Amino acid sequence: MSTALTTPNEAPVLADRSGAPAVRIAGVHKTFGRPGADAPVLDDINLDVAAGEFLCLLGASGCGKSTLLNLVAGLDRPTAGTIEVAGARPALMFQEHALFPWLTAGKNIELALRLNGVPRAERRPEAERLLELVRLAGSYGKRVHELSGGMRQRVAMARALAQGSKVLLMDEPFAALDAITRDVLHEEITRIWSERQLTVLFVTHNVREAVRLAQRVVLLSSRPGRVAKQWEIDLPQPRRIESACVADLSVEITEDLRREIRRHGQH
Amino acid sequence: MASTETAAVAETENPAGTAAPGSDLHGVEAGLDALDAVQVQRTPLTQVLRQKVLPPVLGVLLVLALWQLVYSLHVTPSYKLPSPLAVWQSLQDLWYQGTLFSIVWTSIWRGISGFVAAVVIGTPIGLLVARVRPVRAAVAPVLSGLQSLPSVAWVPAAVIWLGINDSAMYAVILLGAVPSIANGLISGIDQVPPLFLRAGRTLGARGLSGARHILLPAALPGYLAGLKQGWAFSWRSLMAAELIASSPDLGIGLGRYLENQRDSSNMAGVLLGIILILVVGVAIDLLVFSPVERRVLRSRGLLQTSR
Ligand SMILES: Nc1ncnc2c1ncn2[C@@H]1O[C@H](COP(=O)(O)OP(=O)(O)OP(=O)(O)O)[C@@H](O)[C@H]1O
Ligand SMILES: [Mg+2]
């Protein structure tokens, strides 16, 4: 494994695991309905996400990725086990932008700032700074329906950042976008991740996307959801999704994902 | 940096000039933003006049013309169907007696203050029923039942309980309007996408601040529809109550004026009363509720501007 292949201003290839983890998931079980009677969705998940790490959770549809993310976000409680998140409530981005249509782009961000306790006078300038960060400087007064899909996701990203948390949870945030827009947003999220030294827990079922973005890819098995396999991706950033090394690794991971899925057909 | 071909064309299209060297994707991004941005245009005034104002005006003129025609053909005796001109005459009489304004205002004032009270009472009821499950199970059927009961049915009861006075009028208005306002809010809240609630919770909006920042604004379109219907119910029940209950304490509102005209067999006055009641009801809807509703829907991109 190579280390320190960094150029200035860029994140390290591999996460630094010496400090305390930003997210610690220990022995987490989740069952909807009656524990014991209904099959668990998540079964003994153990996962530490290092501070500043970019981790992609990969798995077949319905394997419990969103369930796990919701648990980390505090929207739901685990049936057993503990989840610790360093610092404040983590920010969460959904597959749909989830922007409020009764507010402008800027006001959506300001609401997040307000609920985060930012004083009134600082909200507007901070909202404009965040819009600039996602390269939407002129869109403060735009309504949600006036923005394109990619722009909406960038505003949603700015709103998530406005929560002031270092931990950003993303649930297939780019799944509904076309390939070119997604490409652009991959670039944005890796830039913002390294600029702001965020810890990102990114859910996807797109293997290439995972390899394009992550320092570490975690494959979840289905029913019950368990950590099946992990890969450290030591390709230097910025990566291109169409590059050969991303493709090679994707083939390898896809093979494992298929094996995971095939396992279910045999019983 | 990865060795990639630079998209020179896209680069120059980036007006902000924020593209870092080597990152051709920023040019692509600027291009995408420019291509995808949705243009929202408002229809010009002349088109609004032609498409929205002209047809109803023509419709009213048509009704007047038909009315005049039937009158001129002497299909019915004129004490049953007076001419439009005779009704206009009654209006002028009222105007010169100086009572027109006071009659209309008596009813409008009652209607509006009753409606405001109904909003103040109906809104918390709606919130409570929508969000608290046991309350919902108990109260929601009662509310829908009340909504389908014509509130005229309450007039005799209100008169016996409260006497023939303003309180009875307000009671009838409230019984008519509160259920529809509460039901509007309930259905507005039920239609709020769960995604907004989850997004609100991750942003830290819970309890009262969640209701204020997420739930109520998200439910606003349904709430407004309920308010609009609530006004219609208020106005109808008030007219019914004024028609039925008669007392010097009540003064003369539109309903009472209508009933007085019937007493004196003045058909022109009766028609005038009906027209005034209609005009007030429609005018409040057109001047107050419709513009607010359109504004809210347009700002959320829920209104098709062109058809
Ligand atoms: N609230 C719930 N009640 C009952 N079952 C649920 C609930 N939420 C999720 N499940 C079940 O848990 C399993 C995992 O769901 P989850 O949404 O976490 O999957 P996912 O990995 O995010 O899938 P996808 O890739 O389709 O988004 C599914 O079988 C689903 O039916
Ligand atoms: Mg999911």
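Author: Buried means under 20% relative accessible area, counted with protein chains only. The structure discussed here is a predicted model.

Reader: Is Cys56(A) buried or exposed?

Author: The cut-off for buried is under 20% relative accessible area. Cys56(A) has a relative accessibility of 0%, so this residue counts as buried.

Reader: How many disulfides are there over all chains?

Author: A disulfide needs two cysteine sulfur atoms within 2.5 Å. For Cys56(A), the nearest cysteine sulfur belongs to Cys63(A) and is 13 Å away. Seen from Cys63(A), the closest cysteine sulfur is that of Cys56(A), and 13 Å is too far for a bond. Over all chains the count of disulfides is therefore zero.

Reader: Is Cys63(A) buried or exposed?

Author: Cys63(A) is one of the residues around ligand 1. Its relative accessibility is 1%, and because that is under the 20% cut-off, Cys63(A) counts as buried.

Reader: Which residue has a polar side-chain atom 2.7 Å from an oxygen atom of ligand 1?

Author: Gly62(A) places a backbone N or O atom 2.8 Å from a ligand 1 oxygen. Glu172(A) uses a polar side-chain atom, at 3.2 Å from an oxygen of ligand 1. The side-chain atom at 2.7 Å belongs to Ser61(A).

Reader: How much of the accessible area of ligand 1 does the protein cover?

Author: On its own, ligand 1 has 630 Å² of accessible area. Of this, the protein covers 55%.

Reader: How many residues of the shell around ligand 1 are charged?

Author: The shell includes Lys65(A) and Glu172(A). It divides into four nonpolar and six polar residues, and the charged ones number two.

Reader: Over which residues of chain A does pLDDT stay under 50?

Author: Chain A has a mean pLDDT of 84, and 93% of its residues reach 70 or more. The stretch under 50 has 10 contacts beyond four places in sequence in the model, and it covers residues 1-9.

Terms used. Residues numbered from 1 in each chain as written. Chains lettered and ligands numbered in written order. Predicted model: local features only at pLDDT ≥ 70, side-chain atom pairs only at ≥ 80, totals over all residues. Heavy atoms only, no water. Near = heavy atom within 4 Å. Polar contact = N/O pair within 3.5 Å; in protein donor to acceptor, adjacent residues only side chain to side chain. Areas by Shrake-Rupley, 256 points an atom, 1.4 Å probe, with all protein chains shown as cover. Nonpolar A, V, L, I, M, F, W, Y, C, P; charged D, E, K, R; others polar. pLDDT = per-residue confidence, 0-100. Contact = heavy atoms within 4.5 Å. Buried < 20%, exposed > 50% of the residue type's maximum accessible area, 1.4 Å probe, protein only.
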